[in-house]
Amino acid sequence: MNVSMMDSYNLAWKLAYWINGLSPTASNGNIPEPVLKTYEIERRSNAQQLIDFDRKFSTLFSGHFDDQGESGLSHEEFIQVFYTGNGFSSGCGVEYPENILVVRDFTGGIVSNPIQGEDYLSGVLRPGRRLLNVKVKRYADGWHRDIQDGLSRAP
Amino acid sequence: MANGTTDLPSTGRFRILTLTSSDLLDPESTSATTLNKISALTQAFPQAIIEQIIVYPRLPREFSWDDIPANVKIHAEMRFYNGYDLDDTYKIYGVSTSQGAVVVVRPDGYVGVVAPLDDTSMVEAYLRTCIRVM
(Lines give C-alpha, C1' and ligand atoms only; values in the text may rest on other atoms or scores of the structure.)
Protein backbone atom coordinates (compact mmCIF):
# COMPACT_ATOMS: atom_id res chain seq x y z
CA MET A 1 0.00 0.00 0.00
CA ASN A 2 2.87 2.33 0.71
CA VAL A 3 4.02 1.94 -2.85
CA SER A 4 0.62 2.82 -4.26
CA MET A 5 0.49 5.91 -2.06
CA MET A 6 3.77 6.98 -3.56
CA ASP A 7 2.49 6.23 -7.06
CA SER A 8 -0.42 8.56 -6.41
CA TYR A 9 1.74 11.25 -4.89
CA ASN A 10 4.11 11.15 -7.84
CA LEU A 11 1.29 11.43 -10.37
CA ALA A 12 -0.83 13.93 -8.50
CA TRP A 13 1.36 16.97 -8.79
CA LYS A 14 2.23 16.26 -12.41
CA LEU A 15 -1.45 15.95 -13.30
CA ALA A 16 -2.38 19.00 -11.25
CA TYR A 17 0.20 21.12 -13.04
CA TRP A 18 -1.02 19.99 -16.42
CA ILE A 19 -4.70 20.42 -15.61
CA ASN A 20 -4.10 23.88 -14.18
CA GLY A 21 -2.10 24.98 -17.19
CA LEU A 22 1.24 25.14 -15.39
CA SER A 23 3.30 22.59 -17.25
CA PRO A 24 5.25 23.75 -20.30
CA THR A 25 3.02 22.35 -23.05
CA ALA A 26 -0.30 22.52 -21.22
CA SER A 27 -1.58 25.30 -23.45
CA ASN A 28 -1.29 23.07 -26.51
CA GLY A 29 -3.33 19.96 -25.96
CA ASN A 30 -1.96 18.34 -29.11
CA ILE A 31 1.52 17.85 -27.71
CA PRO A 32 2.02 15.02 -25.21
CA GLU A 33 3.39 16.51 -22.00
CA PRO A 34 6.87 15.15 -21.22
CA VAL A 35 6.37 15.74 -17.50
CA LEU A 36 3.37 13.40 -17.46
CA LYS A 37 5.41 10.71 -19.16
CA THR A 38 7.86 10.73 -16.28
CA TYR A 39 5.24 9.14 -14.03
CA GLU A 40 5.66 5.86 -15.88
CA ILE A 41 9.43 6.22 -16.14
CA GLU A 42 9.78 6.75 -12.42
CA ARG A 43 7.09 4.63 -10.85
CA ARG A 44 7.27 1.74 -13.28
CA SER A 45 10.97 1.34 -12.61
CA ASN A 46 10.22 1.32 -8.90
CA ALA A 47 7.45 -1.26 -9.38
CA GLN A 48 9.75 -3.49 -11.41
CA GLN A 49 12.44 -3.28 -8.75
CA LEU A 50 9.87 -4.25 -6.15
CA ILE A 51 8.69 -7.25 -8.17
CA ASP A 52 12.27 -8.40 -8.67
CA PHE A 53 12.93 -7.91 -5.00
CA ASP A 54 9.81 -9.81 -3.90
CA ARG A 55 10.85 -12.73 -6.02
CA LYS A 56 14.17 -12.86 -4.22
CA PHE A 57 12.74 -12.10 -0.77
CA SER A 58 10.20 -14.92 -0.93
CA THR A 59 12.99 -17.43 -1.17
CA LEU A 60 13.95 -16.42 2.36
CA PHE A 61 10.81 -18.05 3.68
CA SER A 62 10.85 -21.11 1.48
CA GLY A 63 14.55 -21.63 1.02
CA HIS A 64 17.47 -22.29 3.29
CA PHE A 65 20.89 -20.81 3.72
CA ASP A 66 23.33 -22.36 1.35
CA ASP A 67 26.92 -21.29 1.34
CA GLN A 68 27.34 -22.49 -2.21
CA GLY A 69 24.48 -20.22 -3.22
CA GLU A 70 22.90 -22.94 -5.34
CA SER A 71 19.38 -23.25 -4.00
CA GLY A 72 19.10 -20.61 -1.28
CA LEU A 73 20.62 -17.35 -0.15
CA SER A 74 23.99 -16.85 1.42
CA HIS A 75 24.22 -14.90 4.65
CA GLU A 76 25.59 -11.91 2.82
CA GLU A 77 22.75 -12.00 0.34
CA PHE A 78 20.23 -12.30 3.17
CA ILE A 79 21.52 -9.15 4.82
CA GLN A 80 21.52 -7.27 1.53
CA VAL A 81 17.98 -8.40 0.73
CA PHE A 82 16.73 -7.43 4.19
CA TYR A 83 18.36 -4.03 3.91
CA THR A 84 16.82 -3.44 0.51
CA GLY A 85 13.44 -4.59 1.78
CA ASN A 86 13.46 -1.93 4.46
CA GLY A 87 14.15 0.63 1.79
CA PHE A 88 10.98 -0.41 -0.03
CA SER A 89 8.80 -0.67 3.08
CA SER A 90 9.73 2.74 4.31
CA GLY A 91 9.93 4.31 0.88
CA CYS A 92 13.18 5.92 1.91
CA GLY A 93 15.30 3.85 -0.43
CA VAL A 94 13.61 4.98 -3.61
CA GLU A 95 15.85 6.47 -6.28
CA TYR A 96 14.25 7.42 -9.58
CA PRO A 97 16.23 6.85 -12.77
CA GLU A 98 17.56 9.84 -14.68
CA ASN A 99 14.92 11.56 -16.77
CA ILE A 100 13.90 15.15 -17.53
CA LEU A 101 12.89 15.63 -13.88
CA VAL A 102 15.95 13.90 -12.43
CA VAL A 103 19.06 15.60 -13.70
CA ARG A 104 22.49 14.50 -12.58
CA ASP A 105 24.70 15.83 -15.31
CA PHE A 106 23.87 18.87 -17.36
CA THR A 107 27.04 19.63 -19.18
CA GLY A 108 28.77 16.33 -19.79
CA GLY A 109 30.64 16.43 -16.51
CA ILE A 110 32.29 19.79 -17.14
CA VAL A 111 30.46 21.49 -14.31
CA SER A 112 31.98 20.41 -11.01
CA ASN A 113 29.71 18.34 -8.85
CA PRO A 114 28.99 20.17 -5.58
CA ILE A 115 28.09 16.96 -3.75
CA GLN A 116 30.65 15.15 -1.66
CA GLY A 117 30.12 11.55 -0.66
CA GLU A 118 27.71 8.84 -1.71
CA ASP A 119 25.89 7.85 1.48
CA TYR A 120 22.56 8.83 -0.03
CA LEU A 121 20.48 6.85 2.42
CA SER A 122 21.92 8.94 5.24
CA GLY A 123 21.05 12.15 3.44
CA VAL A 124 23.71 13.04 0.90
CA LEU A 125 21.88 14.88 -1.87
CA ARG A 126 21.05 12.84 -4.93
CA PRO A 127 18.67 13.83 -7.74
CA GLY A 128 15.92 11.22 -7.81
CA ARG A 129 15.92 10.70 -4.06
CA ARG A 130 13.80 12.36 -1.45
CA LEU A 131 15.26 15.30 0.46
CA LEU A 132 16.15 14.09 3.93
CA ASN A 133 14.71 16.15 6.75
CA VAL A 134 17.11 18.18 8.85
CA LYS A 135 16.50 20.32 11.90
CA VAL A 136 17.33 23.97 11.34
CA LYS A 137 17.04 27.18 13.31
CA ARG A 138 15.06 29.99 11.76
CA TYR A 139 16.96 33.27 11.66
CA ALA A 140 13.91 35.51 11.99
CA ASP A 141 12.79 34.29 15.38
CA GLY A 142 15.13 31.54 16.53
CA TRP A 143 12.47 28.84 16.23
CA HIS A 144 13.64 25.30 15.76
CA ARG A 145 12.13 23.90 12.60
CA ASP A 146 12.27 20.86 10.40
CA ILE A 147 13.28 21.82 6.90
CA GLN A 148 10.39 19.66 5.74
CA ASP A 149 7.98 21.96 7.60
CA GLY A 150 8.06 24.33 4.73
CA LEU A 151 7.79 21.57 2.15
CA SER A 152 4.68 19.67 3.10
CA ARG A 153 2.38 22.24 4.53
CA ALA A 154 1.94 26.00 4.66
CA PRO A 155 4.60 27.76 6.73
CA MET B 1 -10.20 27.09 -16.59
CA ALA B 2 -8.78 27.35 -13.09
CA ASN B 3 -6.73 30.41 -12.25
CA GLY B 4 -3.36 28.93 -11.46
CA THR B 5 -2.08 31.95 -9.65
CA THR B 6 -4.70 32.02 -6.91
CA ASP B 7 -6.57 28.72 -6.85
CA LEU B 8 -3.73 26.34 -6.05
CA PRO B 9 -3.52 24.92 -2.54
CA SER B 10 -0.53 25.77 -0.40
CA THR B 11 1.33 22.60 -1.32
CA GLY B 12 2.27 21.48 -4.80
CA ARG B 13 5.09 23.98 -5.09
CA PHE B 14 8.63 23.67 -6.30
CA ARG B 15 11.28 24.73 -3.83
CA ILE B 16 14.67 26.19 -4.55
CA LEU B 17 16.84 25.34 -1.58
CA THR B 18 19.97 27.46 -1.58
CA LEU B 19 22.78 26.33 0.68
CA THR B 20 24.96 29.41 0.72
CA SER B 21 28.67 29.28 1.23
CA SER B 22 30.41 31.04 4.10
CA ASP B 23 30.92 34.18 1.98
CA LEU B 24 27.30 35.30 2.39
CA LEU B 25 28.10 38.51 4.27
CA ASP B 26 30.17 39.92 1.41
CA PRO B 27 27.78 41.77 -0.95
CA GLU B 28 29.98 40.90 -3.95
CA SER B 29 30.15 37.24 -3.05
CA THR B 30 28.93 34.24 -4.99
CA SER B 31 26.33 33.58 -2.30
CA ALA B 32 24.88 37.08 -2.44
CA THR B 33 24.93 37.22 -6.22
CA THR B 34 23.31 33.82 -6.52
CA LEU B 35 20.51 34.69 -4.12
CA ASN B 36 19.72 37.74 -6.21
CA LYS B 37 19.84 35.77 -9.45
CA ILE B 38 17.50 33.15 -8.05
CA SER B 39 15.00 35.76 -6.92
CA ALA B 40 15.14 37.25 -10.40
CA LEU B 41 14.64 33.99 -12.24
CA THR B 42 11.60 33.04 -10.21
CA GLN B 43 9.84 36.09 -11.62
CA ALA B 44 9.60 34.39 -15.00
CA PHE B 45 7.26 31.73 -13.62
CA PRO B 46 3.72 31.86 -12.27
CA GLN B 47 3.64 33.57 -8.91
CA ALA B 48 3.73 31.44 -5.77
CA ILE B 49 4.65 28.29 -7.71
CA ILE B 50 8.28 28.43 -6.62
CA GLU B 51 9.28 28.95 -3.03
CA GLN B 52 12.73 29.76 -1.76
CA ILE B 53 14.41 28.18 1.21
CA ILE B 54 17.83 29.49 2.20
CA VAL B 55 20.28 27.87 4.59
CA TYR B 56 23.55 29.37 5.77
CA PRO B 57 26.62 27.80 7.41
CA ARG B 58 28.62 29.23 10.28
CA LEU B 59 29.57 32.76 9.27
CA PRO B 60 32.57 34.87 10.34
CA ARG B 61 30.49 37.18 12.51
CA GLU B 62 27.04 38.05 13.82
CA PHE B 63 24.86 39.75 11.22
CA SER B 64 21.59 41.57 10.72
CA TRP B 65 19.14 41.66 7.81
CA ASP B 66 21.04 44.68 6.45
CA ASP B 67 24.17 42.59 5.96
CA ILE B 68 22.57 40.19 3.50
CA PRO B 69 20.72 40.71 0.18
CA ALA B 70 17.33 42.35 0.61
CA ASN B 71 15.81 39.56 -1.47
CA VAL B 72 16.27 37.15 1.42
CA LYS B 73 13.78 39.02 3.57
CA ILE B 74 11.47 39.68 0.66
CA HIS B 75 11.26 36.12 -0.61
CA ALA B 76 12.24 33.92 2.30
CA GLU B 77 11.99 35.80 5.58
CA MET B 78 10.47 32.83 7.41
CA ARG B 79 12.45 30.22 5.47
CA PHE B 80 15.96 31.51 6.11
CA TYR B 81 17.74 29.03 8.34
CA ASN B 82 20.86 28.52 10.39
CA GLY B 83 22.09 25.15 9.19
CA TYR B 84 24.66 24.33 11.83
CA ASP B 85 23.37 24.92 15.37
CA LEU B 86 20.97 21.98 15.29
CA ASP B 87 21.69 19.37 12.62
CA ASP B 88 24.89 19.74 10.60
CA THR B 89 22.94 20.36 7.43
CA TYR B 90 25.93 20.71 5.14
CA LYS B 91 27.53 17.52 6.38
CA ILE B 92 24.31 15.55 6.08
CA TYR B 93 23.62 16.79 2.56
CA GLY B 94 27.24 16.37 1.45
CA VAL B 95 27.80 20.04 0.63
CA SER B 96 30.97 21.96 1.41
CA THR B 97 30.44 25.16 3.42
CA SER B 98 33.00 26.92 1.26
CA GLN B 99 31.20 26.01 -1.96
CA GLY B 100 27.50 25.75 -1.20
CA ALA B 101 24.94 24.43 -3.68
CA VAL B 102 21.48 25.08 -5.09
CA VAL B 103 18.90 22.30 -4.95
CA VAL B 104 15.56 22.18 -6.73
CA VAL B 105 13.05 20.10 -4.80
CA ARG B 106 9.97 18.88 -6.67
CA PRO B 107 6.47 19.16 -5.26
CA ASP B 108 6.68 15.51 -4.15
CA GLY B 109 9.74 16.27 -2.03
CA TYR B 110 12.22 14.58 -4.32
CA VAL B 111 15.42 16.26 -5.41
CA GLY B 112 15.33 17.23 -9.07
CA VAL B 113 18.74 18.75 -9.61
CA VAL B 114 21.71 19.91 -7.55
CA ALA B 115 23.69 22.76 -9.08
CA PRO B 116 26.91 24.47 -8.02
CA LEU B 117 26.27 27.78 -6.29
CA ASP B 118 27.58 29.78 -9.21
CA ASP B 119 25.54 28.09 -11.93
CA THR B 120 21.97 29.30 -11.79
CA SER B 121 21.54 28.45 -15.48
CA MET B 122 21.19 24.79 -14.48
CA VAL B 123 18.44 25.75 -12.07
CA GLU B 124 16.61 27.83 -14.64
CA ALA B 125 16.88 25.18 -17.34
CA TYR B 126 15.46 22.59 -14.97
CA LEU B 127 12.54 24.77 -13.95
CA ARG B 128 11.73 25.52 -17.57
CA THR B 129 11.41 21.79 -18.14
CA CYS B 130 8.81 21.55 -15.40
CA ILE B 131 6.89 24.80 -15.40
CA ARG B 132 5.46 27.04 -18.07
CA VAL B 133 6.97 30.50 -18.15
CA MET B 134 4.56 33.37 -17.93
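Begin with chain A and chain B together: the area buried between them is about 5000 Å², and carbon and sulfur atoms give 64% of that area. Leu22(A), Pro114(A) and Tyr139(A) supply 15% of the area that chain A buries against chain B, more than any other three residues. Keep in mind that this is a predicted model.

**The interface**

Select the residues in contact across the two chains. Chain A brings 55 residues to the contact and chain B brings 60 residues. The rule finds 19 residue pairs in polar contact across this interface, counting pairs with both residues at pLDDT 80 or more.

Now colour chain A by its helices and strands. Helix H1 (2-19), helix H2 (34-62), strand E1 (135-138), strand E2 (144-146) and helix H4 (149-152) of chain A each give at least two residues to the side that touches chain B. H1(A) gives the most, with six residues. By residue type, that side of chain A divides into 30 nonpolar, 14 polar and eleven charged residues.

How many salt bridges are there between chain A and chain B? The count is two. To see a salt bridge, select Lys137(A) and Asp85(B), whose side chains meet at 3.0 Å, N to O.

Pick Arg138(A) and look for its bridge partner in E3(B), which is Tyr81(B).

**A strand inside chain B**

Move to strand E1 (residues 14-19) of chain B. Six of its six residues are buried, so the strand is largely enclosed by the rest of the structure.

E1(B) and E2(B) pair in the parallel sense over six bridges. Within this pair, Thr18(B) stands opposite Ile54(B) in E2(B).

**Two stops in chain B**

Select Thr34(B), which sits in helix H1 of chain B. Is Thr34(B) buried or exposed? Thr34(B) counts as buried because its relative accessible area is 3%, and the cut-off for buried is under 20%. A polar atom of the Thr34(B) side chain lies 2.8 Å from the backbone oxygen of Thr30(B). Beyond its neighbours within four places in sequence, Thr34(B) is in contact with Val102(B), Leu117(B), Asp118(B) and Thr120(B).

Then go to Ala48(B), in the loop between helix H1 (30-42) and strand E2 (50-56) of chain B. The phi of Ala48(B) is near 75°, a positive value in a residue other than glycine. Most residues other than glycine have a negative phi. Ala48(B) is partly exposed, at 45% relative accessibility.

**A last stop in chain A**

Finish at Cys92(A), in the loop between helix H3 (75-90) and E1 of chain A. Cys92(A) is partly exposed, with a relative accessible area of 32%. Which residues does Cys92(A) contact, leaving aside its neighbours within four places in sequence? They are Gly87(A), Leu121(A), Arg129(A) and Arg130(A).

Technical notes:
Residues are numbered from 1 along each chain as its sequence is written. Chains are lettered from A and ligands numbered from 1 in the order in which they are written. This is a predicted model: local features need pLDDT of at least 70, side-chain atom pairs count only at pLDDT 80 or more; totals for chains, interfaces and linings use all residues. Side-chain values use heavy atoms; hydrogens and water are left out. Contact means heavy atoms within 4.5 Å. Buried area is the accessible area (1.4 Å probe) that two parts lose on being put together, summed over both. A salt bridge is a side-chain nitrogen of Lys or Arg within 4 Å of a carboxyl oxygen of Asp or Glu. A polar contact is a pair of N or O atoms within 3.5 Å; within protein, one must be able to donate a hydrogen and the other to accept it, and residues adjacent in sequence count only if both atoms are side-chain atoms. Helices (H or I, at least four residues) and strands (E, at least two) are DSSP runs, numbered from the N terminus. Ala, Val, Leu, Ile, Met, Phe, Trp, Tyr, Cys and Pro count as nonpolar, Asp, Glu, Lys and Arg as charged, and the others, Gly among them, as polar. Two strands pair if DSSP finds at least two bridges between them. Buried means under 20% relative accessible area, exposed over 50%, partly exposed in between (1.4 Å probe, protein chains only).
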